[in-house]
Amino acid sequence: MELKGTNQEFGRPYNRRIVLESIRLDGPTTRGRIARQVGLTVQTVSTIIRELEELGLVLSVREEPKGRGLPPATLRINPEGGHAIGVHLTPLGVDAALINLAGDIVASASRSAHQPSPDLAFALIADLVAELRTARPDGRMLGIGMALPGPFDVDSMSFVGPTTMAGWRDVDLRRRLAEAAALPAFFEADMGAAALGERLYGRGAEFADFYYLYFGVGLGGTMVHDGAPLRGAWGNAGEIGHIPLVHDGEPCPCGNRGCLERYVSLEALSRRPAGVDEAAWVRSVAPVFRAALVTIENLFDPETIILGGLASEPLLADLAAVAADLPNSVSARRDRKAPRVVVSDGGHQAVLRGAAALAVTGVLSPRFYQMLASGSDNPADKLLKGLAA
């Protein structure tokens with residue numbers, strides 16, 4: 001963990017977030033280990049831990065002694081110390097889940113709607129938030145995060161075609177989401193949110209550097225480096241589905257021909273010829289899919305590629321099977337410790353967990369501390385003000 005504590009004027013609330021982030025990412029852990037990681041004294045860390053325990057965000061647990069002396073108390077996030085709502089908006093409707101600080105789904109709900117307009121989508125989100133909050137009526141609500149298809153703000157590619165959200169140009173996503181939920185609001189492309197969920201709560205926790213290939217209505221991916229998803233200059237890194245991989249291939253709504261997602265995506269699967277089952281379709285797109293995986297390896301050199309997204313577990317397993325024995329790349333090392341391709345164990349919930357994690361990170365993480373300086377009149381910001389006291 002590279003973030004360090006500070007002795008500057010705003011040090012107290014910032015240091016709280018530093019310590020909390022250390023516990024959230026590395027717990028169970030100890031006071032001494034936290035102090036070494038964040039560059040604070042054990043005494044300072046102990047004081048902060050007491051404050052976080054009083055806020056109900058951290059639990060201190062002492063294991064049964066196995067020899068002489070007492071073992072040090074270990075610290076972990078209190079799962080019920082706070083909750084966030086994750087929302088996934090797609091051309092097919094809205095899914096939402098209430099998630100605790102351990103990433104457990106407490107409650108979930110969905111609403112079907114074909115290519116929902118912004119007004120309809122945010123009305124559905126408000127309805128879903130009201131329904132989910134009944135699962136923890138007295139719980140601390142941190143915020144809401146929304147994942148939706150990208151790319152964002154690219155005139156020739158955004159809001160165009162069946163894999164994007166038509167009619168969403170120039171929508172103030174953060175403001176509309178905050179108004180609908182009456183909570184601090186955050187948003188991200190679905191593939192980035194899913195990669196974050198995989199990093200925090202799925203197989204991605206095993207790796208410092210992995211590539212998350214998001215198999216959704218379209219196809220996208222995110223490189224997670226040193227535990228953090230790479231977003232790019234404008235937040236659109238990972239639109240691998242728009243790599244023109246097939247020479248003079250099918251026309252794509254983006255204006256190019258032969259784009260990868262025209263062949264490998266749920267939308268492409270829906271266009272398969274009548275009588276062709278999923279397994280046969282996977283075999284037919286295998287050459288293009290395998291070429292894409294080798295391209296990812298040569299570009300990013302990940303420890304592994306994790307297949308996830310909205311595809312069913314059997315479909316992801318079939319895709320992983322045709323990815324066995326890939327052609328040579330920089331990742332074809334004899335000293336590998338992981339397979340070149342693995343399947344996510346988070347299922348469809350990785351996106352919702354990741355969307356909720358956007359809110360948890362946005363409210364509690366030191367990386368976003370300066371958001372507090374901009375001020376807010378949202379009543380749900382009481383927790384941030386409490387941490388800043």
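**Cysteines and ring pairs**

Tutor: Searching the whole structure turns up zero disulfides, a disulfide being a pair of cysteine sulfur atoms within 2.5 Å. This is a predicted model: local features need pLDDT of at least 70, side-chain atom pairs count only at pLDDT 80 or more, and totals for chains, interfaces and linings use all residues. Residues are numbered from 1 along each chain as its sequence is written, and side-chain values use heavy atoms, leaving out hydrogens and water.

Student: Is C259 buried or exposed?

Tutor: Buried, at 0% relative accessibility. Buried means under 20% relative accessible area, exposed over 50%, partly exposed in between (1.4 Å probe, protein chains only). C252 is buried too, at 8%.

Student: New topic. How many aromatic pairs are there?

Tutor: Two, from a search of the whole structure. Rings of Phe, Tyr and Trp (its six-membered ring) pair if their centres lie within 6.5 Å; planes under 30 degrees apart are stacked, over 60 edge-to-face, the rest tilted.

Student: Why is the pair of F122 and W168 called tilted?

Tutor: Because the planes sit at 50 degrees, with ring centres 5.6 Å apart. F122 is buried at 4%, and W168 at 3%.

Student: And Y211 with F300, what are the distance and angle?

Tutor: 5.3 Å centre to centre and 35 degrees between the planes, a tilted pair. Y211 is buried at 2%, whereas F300 is partly exposed at 34%.
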